[in-house]
Amino acid sequence: MKFPNDFLFGAASASYQVEGGWNEGGKGVTNWDVFSKIPGKTFENTNGDVAVDHYHRYKEDIKLMAEMGLESYRFSISWARIIPDGVGEVNQEGIEFYNNIINECLKYGIVPFATLYHWDFPQVLEEQGGWLNKKMIDAFAKYAEACFKAFGDRVKHWITFNETINFCRLGYIAGVHPPGITMDPKKYFQASHNVFVAHAKSVKIYKSLRQFGEIGITHVFSPAYSIDDKEENKFAANHCNNYEIFWYYDPILKGEYPEYVVKGLMEKGLTPDWTKEELDLLKEAAPYNDFMGLNYYKPQRVMKNIANEEINPTRENFTGAPGNPSFDGVYKTVKMADKVYTKWGWEISPEGFLGGLRMLKERYGDIKLYITENGLGDVDPIIEDEVMDIPRIKYIEEHLKVVKKAINEGINLKGYYAWSVIDLLSWLNGFKKQYGFIYVDHKDNLNRKKKASFYWYKEVIETRGENL
Ligand code: BG6
């Protein structure tokens, strides 16, 4: 079977991780510009000041994407380039930069898929309380509207937020992302609620502009599986799915929070400060949300937290490997002897992907889905000057097979975006952890080079995945 003609083969990036040009083009300072410069916060104290210099090399990069046959490029817009102080005037130079990106894509027939918020935002807003301050809701909606108005004639696919669970959990529980607050579940739930309201508001604004494109959100998709058939572990996995999936997906797709979590939060005194108007807004916007973007890398193997271990919030403990208890101490994630893991301890499980997709279909029906990220973080071998990223090819191949199978089962999947189009800066793992089809030589002027996976993906796209 070939993938359907309206299925998009894409690849992704995010502003802070590729652009650089951190103080150019009238851009404001972001939360990440500040946070990454606090010693010890990132691996080898790397930061995005230069990243892979996409800000200056976007033409070369998009040309390579076109050569690969990419059908769609998912990139993010940096809020601080568009509205440098978060709420004031729109910066024309910022608009021009993204106009250039979009127009360059369109020149080659590459569909631009834009994310409005992939974690970097104006530091001045962070200093006013960031996502804990309800002012952020209107500030975000205003920024979103500016983007719709500037780019909406050409951008027909919009993602509001990338991975709310990650920037909230890592920002308010683990403290390893800005604003660096540890173990404050009250703030964690408040921040996520404010994000959902900002999403709902932006969806309504987008629809009111009648630009006839689609808008959705991207969430982490790490379905939880019990390590065995013991009731207590099955309970733990279900608890995990409620807190880590349904809490995030329900308000977007059903317009209300999952009862199980709401009850739990009430008992623990963690209910966000929410108003009836906000809850009504979630309900009102839900039917207008066009799709859900899924970032799938790995499932979670979950068991009851028997030894009552507590979270140890260090950067090393929060780069995605199992071994952490949940914020409420109910469950923990574990590494299992019979599973396969990447060099960074992320389980490789195409089956876990398929199981999760089926779970979503059961709960949310035929909602349109895009895989907005999926890929392998690795240290790629260089053999006789060629980047032989064979494990990446294998990883993507196995996951694309699942996508094909899911489509055959009637799951409404409309596109696949590999993470990442080019090697880029990992928030907490520096440049060591590579994901791209295009290699960037940090020892030689950030020169680009096509990897083995580049040629492989090109062939997959050309043949519309027939041989998978
Ligand atoms: C996702 C993010 O969480 O995972 C990306 O949306 C990120 O921005 C990717 O780079 C991989 O994470 P890591 O930690 O391996 O770089």
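1. UniProt positions are given here in the numbering of this structure, with shortened feature names, and such annotations may be inferred rather than shown by experiment. In the UniProt record, an unreviewed entry, the annotation "active site" covers E373.

2. The model is predicted: local features need pLDDT of at least 70, side-chain atom pairs count only at pLDDT 80 or more, and totals for chains, interfaces and linings use all residues. Residues are numbered from 1 along each chain as its sequence is written, and side-chain values use heavy atoms, leaving out hydrogens and water.

3. E373 belongs to strand 10 (residues 368–373); strands are DSSP runs of E, at least two residues, and helices are runs of H or I, at least four, numbered from the N terminus. With a relative accessible area of 5%, E373 is buried (buried means under 20%, exposed over 50%, partly exposed in between, with a 1.4 Å probe and protein chains only).

4. Not counting residues up to four places away in sequence, E373 touches several residues, among them R74, H118, E163 and W419 (contact means heavy atoms within 4.5 Å).

5. The ligand is surrounded by 16 residues, and the closest are Q17, E163, S426, K433 and Y435 (a heavy atom within 4 Å qualifies a residue).

6. In helix 11 (residues 259–268), the buried residues are V261, G264 and L265. Because these residues cover an arc of only 100° around the axis, they lie on the same side of helix 11 (the arc is that of the directions from the helix axis to the C-beta atoms). They pack against helix 9 (185–208) and helix 10 (231–253).
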